[in-house]
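Here is a short report on salt bridges. Look at the sequence and the structure first, then read on.

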Amino acid sequence: MPSRLFLWALTSALAGFLFGFDTVVISGAEKTIQSLWSLGHAQHGLAMSMALWGTVIGSLVGGWPTDRFGRKSTLLWIGILYLVSAIWSALATDVYSFMIARLIGGIGVGISTVAAPLYISEISPPARRGRLAGMFQFNIVFGILVAFASNALLAGIGENAWRWMLGVEAIPALIYSLMCLKLPESPRWLISRRGDETEARRVIRLANPDLTDEEVERLVRRIQDSADEKTASEPFWTTRLRIPILLAFLVAFFNQLSGINAILYFAPRIFEMTGLGQQAALIQSIGIGVINLLFTFIGLYLIDRLGRRTLLYIGSFGYIASLGLCAWVFFAFAPQFQVANSAIAVKGSIAAYEKADALPVRNESDLAKFQSDIDESKAALVTASQSPEFEGDPVEFIGTESPDAVVALADTAMSQASDESGFGGNLVMLGIFAFIAAHAVGQGAVIWVLISEIFPNRHRAAGQSLGSFTHWIFAALLTTVFPWFIGNFPPSFVFGFFCFMMVLQLLWVATMVPETKGVPLEEMEAKLGIRSVEG
């Protein structure tokens with residue numbers, strides 16, 4: 001593989017690193033932010049999902065700058081958006097300023113999922129397209145791992161640790177932006193949008209030095225033919241494109257209905273629900289990043305060997321087994337986990353009250369609400385600890401009014417619940433790790449590659465935007481409602497729902513998904529059975 005081709009693909013794929021880092025780094029700060037600004041469940045969910053709503057906007061509009069200004073310019077501006085978001089998020093003084101900053105970063109994420117995979121797909125030869133385009137996903141999971149590790153390292157540096165967690169992203173964002181200045185433009189964009197065949201030939205020769213002049217000319221003619229006047233004026237939403245449109249929508253839909261983003265965002269909280277302390281939960285979350293990275297390597301190794309469809313099969317079976325295990329464990333150890341959850345709620349509500357009480361201007365309505373939360377969480381802990389299936393000491397708060405004493409009782413109950421459910425906690429950890437492995441090998445490795453392959457040249461940016469928008473609208477919705485679901489439904493129900501959706505994905509793969517490995521982009525229409533304009 002030519003070194004310059006690898007460098008171009010790597011540079012573009014670094015947008016994925018910033019994507020992964022930006023979307024997951026918030027997991028280490030979300031509880032502190034909730035306490036700092038005394039956020040209720042609804043406002044907390046909105047603040048945490050604001051970056052995802054930005055990705056919805058970015059993915060929806062991302063096809064326009066990618067087509068209008070070119071792949072290279074769009075990739076450069078993505079880096080600038082990340083840079084602004086990182087600095088602003090770290091310096092935010094209130095929740096509304098914070099949400100605007102996160103929205104800007106999310107817009108960068110959304111556009112990156114359109115421009116980066118598309119650019120890599122368009123500069124790559126068919127035999128290497130899966131691995132090179134898959135580098136975008138590899139960098140996503142590498143960014144996730146670095147974010148988890150960074151959060152764990154910075155967690156103990158003081159009350160402003162969360163600001164450092166969010167602000168360090170400015171460093172890779174600046175490096176990425178500078179690297180984008182050296183990228184060439186996509187030869188397919190040069191031909192189909194600018195009509196610059198001379199520059200396109202130059203880029204093709206640089207990326208494929210083993211091609212003869214005749215082979216270069218043949219490729220240029222194929223690209224030109226696929227962008228002729230008959231297809232140039234054809235609208236995107238046509239029955240001719242129904243197959244790639246449906247494939248792009250469903251691969252993105254099932255990607256998010258696995259629960260992947262919700263689990264990544266709230267991984268520390270999920271581990272805490274099994275009785276782990278906050279710091280231990282953050283450290284366990286690093287394991288998610290390691291597993292994700294390792295199995296993404298495996299997915300990239302296999303994607304051009306076994307093919308996209310086979311990896312989706314493997315991932316579907318892995319999803320079903322791992323999510324089913326988590327659902328069963330949360331059901332079987334529900335009494336112990338309920339005590340741990342209630343103890344966490346008691347400590348969290350007391351921390352929120354004390355934070356509000358320490359403000360220069362006391363808000364009596366907020367204090368009354370937080371006091372009510374404390375009373376409700378204490379009652380829930382008492383009830384949970386008195387379950388016949390919980391073998392620890394029943395909790396009684398009679399005569400225990402001081403916050404320190406209440407927290408001490410909650411800590412004791414949480415420790416006993418953790419001792420009782422230690423095996424269950426380990427099974428949850430095993431299930432989550434297996435889930436991440438299944439995602440990395442299957443959907444994670446395939447989604448951005450598949451979407452970037454299946455549309456004709458003139459509609460590739462719009463198709464990539466459709467798939468990205470579908471991905472992010474469901475990611476935003478799930479992340480927004482996940483705290484409410486966890487607060488109102490048993491975790492076993494939540495994981496069981498995700499497991500059921502993956503059964504549906506398996507049926508979709510078996511009945512609808514074609515194999516696209518090794519097929520030149522200009523021949524994909526015939527492979528997918530798309531009728532010609534005249535047909």
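## A pair within helix α11

R202 and E199 both sit in helix α11 (residues 197-207), three residues apart, about one turn of the helix. Helices here are DSSP runs of H or I with at least four residues, numbered from the N terminus. The side chains of R202 and E199 form a salt bridge at 2.8 Å, N to O. A salt bridge is a side-chain nitrogen of Lys or Arg within 4 Å of a carboxyl oxygen of Asp or Glu.

R202 is partly exposed, at 41% relative accessibility. E199 is partly exposed too, at 24%. Buried means under 20% relative accessible area, exposed over 50%, and partly exposed in between (1.4 Å probe, protein chains only).

## Basis of the model

This is a predicted model: local features need pLDDT of at least 70, side-chain atom pairs count only at pLDDT 80 or more, and totals for chains, interfaces and linings use all residues. Residues are numbered from 1 along each chain as its sequence is written, and side-chain values use heavy atoms, leaving out hydrogens and water.

## A pair within helix α12

Helix α12 (residues 213-226) holds R221 and E217, four residues apart, or about one helical turn. Their salt bridge has its closest N and O atoms 3.7 Å apart. R221 is partly exposed at 34%. E217 is partly exposed at 28%.

R460 forms a salt bridge with E122, with the closest N and O atoms 3.1 Å apart. R460 lies in helix α24 (residues 460-488) and E122 in helix α6 (residues 95-123), 338 residues apart. Both R460 and E122 are buried.

## Network and total

D67, R71, E122, R193 and R460 are linked in a network of salt bridges. The count comes to 18 salt bridges.

Key: Helices (H or I, at least four residues) and strands (E, at least two) are DSSP runs, numbered from the N terminus.
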